[in-house]
Amino acid sequence: AALNGKQVLSFGDIATCSFHATKLFHTIEGGAIITNDDELAKKMMLYRQFGHIGDAHFSIGINGKNSEFHAAMGLCLLPMMKEFMAKRKTIAGLYDSFLEGLPMQRPVAISKTVYNYSYHPVILDSEERLHRIVALLKEQDIVTRRYFYPSLNNLPQFKGEDCPVSESISLRALALPMYYELEETTVKKICDLIKTCF
């Protein structure tokens, strides 16, 4: 993903990304921390390998390294990323076409962005409708997820300030199925089922 020709992961002092199997690019598990600050990079390297180099301990740390198998999986997928993104863009277009006119918000790639079509979340008009759609799709063995639920400020560890926009959207956001092998007939079936809930 990019904005104004600049990769999203290049913004700020540190950027993080997940390589979990549900992501567009993945290594089955793991992730990455990206920085262009040499001192931060050195600290990160220490944190991910127990805080030590050889027998010398420099800081606290964990065993946060990925295995060679995970790296191999990522290297196998890397050459196909453009193809994956193009197919997902086609699928997103099908969703937009089949769901046109329904009272829901769908992803829109804003000007001067490169959008990767990793997910296809929709924001419905009510949580009640979301539950009806999830239940109906589940009856047909179609799995959807509430990836953006709950609003992070409502987690017990972070309870604090009210965030009314985030809280509202988190109750109504649903990620529709999005994967490379998803066929047009299946997208249409999903959309036809969703339409019956309006």
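Author: R129 is buried, its relative accessible area being 14%; buried means under 20%, exposed over 50%, and partly exposed in between (1.4 Å probe, protein chains only). This is a predicted model, where local features need pLDDT of at least 70, side-chain atom pairs count only at pLDDT 80 or more, and totals for chains, interfaces and linings use all residues. Residues are numbered from 1 along each chain as its sequence is written, and side-chain values use heavy atoms, with hydrogens and water left out.

Reader: Which residue does R129 form a salt bridge with?

Author: With D125; their closest N and O atoms are 2.7 Å apart. A salt bridge here is a side-chain nitrogen of Lys or Arg within 4 Å of a carboxyl oxygen of Asp or Glu. D125 is partly exposed, at 38% relative accessibility.

Reader: How many salt bridges does that rule give?

Author: The count is 5. Among them, E127 pairs with R146, with the closest N and O atoms 3.2 Å apart. E127 lies in helix 4 (residues 127–139) and R146 in the loop between helix 4 and helix 5 (164–172), so this pair ties together parts 19 residues apart in sequence. Helices (H or I, at least four residues) and strands (E, at least two) are DSSP runs, numbered from the N terminus.

Reader: And what about D96, which residue does it pair with?

Author: R106, at 2.9 Å between the closest N and O atoms. D96 is in helix 3 and R106 in the loop between helix 3 and strand 7, 10 residues apart. D96 is partly exposed at 25%, and R106 is partly exposed at 23%.

Reader: New topic. How much space lies in the largest pocket?

Author: About 930 Å³. A pocket is an open set of points on a 1 Å grid over the protein atoms alone, where a 1.4 Å probe fits, with protein on both sides within 12 Å along at least five of seven lines; lining residues have an atom within 4 Å of a point. The volume is the space filled by probe spheres set on the points, which are joined across faces, edges and corners.

Reader: Which residues are closest to its centre?

Author: Of the 29 lining residues, A1, C17, L24, N116 and S118. Strand 3 gives the largest share of the lining, 3 residues.

Reader: What about the second largest pocket, how much space is there?

Author: About 430 Å³. It is lined by 17 residues, with G31, A32, R48, G64 and N66 nearest its centre. Helix 1 supplies the largest share of that lining, 5 residues.
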